[in-house]
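Me: Hi, could you walk me through some of the helices in this one? I'm new to this, so please go slowly.
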Amino acid sequence: MTNEEQNIPTHIAFIMDGNGRWAQARGLSRTEGHKRGAEVVRTVLERAREVGVKVVTLFAFSSENWKRPKEEVDILISLFRQYLSRDIEELKKQKVRITFIGDREKFPSDMVKRMNDVERETSSFNDFRVVLALSYGARDDLIAAMKKIAIDILDRKYLISNIDEARVCEALSTHGIPYPDLVIRTSGEQRVSNFLLWELAYAELYFTPIYWPDFNEHDLDEAIEAYGRRDRRFGQV
Ligand code: IPE
Ligand code: IPE
Ligand code: MG
């Protein structure tokens, strides 16, 4: 049976929220929440692949998260650096295609190099894909896309009348990635927080009060079951 017949989403995008509150509720530092959150990613990716999901996008750090206190930003960067070496190496072994979206140039140059290398080294894997949104903001991504399109027009690559959905998709950092079918946001917040504004137009939204560090494979199964009961009409009858 295909994913569609089984109602398994092809692409799930996660807004991994609630690390800080999870830690606070236990009298721990926010850092502990972020550390625990990084471990949960492994479990969730394994389960998603097992049930037949093809693409997982993880919102790990937003363009607005740079405004957090420097100590927290520094800790997050060091956790990403660790993730890029240890966990990403493991994903490579499992033939996972890895893509980064967001303004990677804001990170230290060793991390930028690592991101570029990993993307190149995994670009031929096509069973399972992980998209890491780091320093990502949908508005920034849309602005960059508009600039690209404007340049193409000035270069006379195509006419204004040729701008269509496909051209916009091509200009976004998510080009080549199917639109998310399901968005899961943990921690009880019910908002999009500048995540994939264009791509989410027809995604099913699923909100759970569970904090990200507590989210597990059973919670993922539950979200996928809920998705299976949704009636996606795409504006039709
Ligand atoms: C999500 O958890 C991780 C990032 C945004 C980096 P938070 O750090 O936002 O945790 P809360 O929302 O403060 O609990
Ligand atoms: C959204 O969480 C971004 C990530 C999970 C990376 P935030 O904690 O930054 O979002 P707000 O501030 O509650 O909207
Ligand atoms: Mg938060």
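Predicted model: local features only at pLDDT ≥ 70, side-chain atom pairs only at ≥ 80, totals over all residues.

Me: OK, so which way does α3 pass α8?
Reply: The crossing of α3 past α8 is right-handed. Their axes come within 9 Å and cross at roughly 45°, and the two helices are therefore oblique to each other.

Me: Which residues meet there?
Reply: From α3 there are Thr 43, Val 44, Arg 47, Ala 48 and Val 51, and these meet Glu 217, Leu 220, Asp 221 and Ile 224 in α8.

Me: And which residues of α8 are buried?
Reply: The buried ones are Asp 219, Leu 220, Asp 221, Ala 223, Ile 224, Ala 226 and Tyr 227, and what covers them includes β1, α3, β5 and β6.

Me: How far apart are the ends of α8?
Reply: The end C-alpha atoms of α8 are 16 Å apart, which agrees with the 16 Å that its 12 residues should span at 1.5 Å a residue.

Me: Switching to α4, how many residues does that helix have?
Reply: Helix α4 runs over residues 70-93 and has 24 residues, and from its first C-alpha to its last it reaches 34 Å, close to the 34 Å expected at 1.5 Å a residue.

Me: Where is α4 kinked?
Reply: The kink in α4 is centred on Tyr 83 and amounts to about 35°. Tyr 83 is also among the buried residues of α4, which include Leu 76, Phe 80, Leu 84, Asp 87 and Leu 91 as well.

Me: I notice those numbers keep stepping by three or four. Why would that matter?
Reply: An α-helix has 3.6 residues a turn, so residues three or four places apart point the same way.

Me: At what angle do α4 and α5 pack?
Reply: They pack at an angle of about 20°, with their axes 11 Å apart, and that makes α4 roughly parallel to α5. The contact involves, among others, Ile 77, Phe 80, Leu 84 and Ile 88 of α4, with Met 111, Arg 114, Met 115 and Val 118 among the residues of α5.

Me: Is that crossing left-handed or right-handed?
Reply: α4 passes α5 in a left-handed crossing, whereas α3 passes α8 in a right-handed one.

Me: Now the loops. Which residue takes a positive phi just after α4?
Reply: That is Lys 95, with a phi of about 55°, and its place is in the loop between α4 and β3. For background, most residues other than glycine have a negative phi.

Me: What about Leu 196, where is that?
Reply: Leu 196 lies in the loop between β5 and β6, and its phi is near 40°, again a positive value in a residue other than glycine.

Me: Is Leu 196 buried or exposed?
Reply: Leu 196 counts as buried, because its relative accessibility is 2% and the cut-off for buried is under 20%.

Me: Last one: what does Asp 127 touch?
Reply: Leaving aside residues up to four places away in sequence, Asp 127 touches Arg 49 and Lys 54. Asp 127 is found in the loop between α5 and β4, and at 52% relative accessibility it counts as exposed.

Note on methods: Residues numbered from 1 in each chain as written. Chains lettered and ligands numbered in written order. Heavy atoms only, no water. Helix = DSSP H or I, 4+ residues; strand = E, 2+ residues; numbered from the N terminus. Expected span 1.5 Å × (residues − 1). Bend = angle between axes of the 7 residues up to and from the residue. Buried < 20%, exposed > 50% of the residue type's maximum accessible area, 1.4 Å probe, protein only. Axes fitted to C-alpha atoms, helices over the stretch in contact; angles between N-to-C directions. Parallel < 35°, antiparallel > 145°, perpendicular 65-115°, else oblique. Left-handed = near helix turned anticlockwise from the far one by under 90°. Contact = heavy atoms within 4.5 Å.
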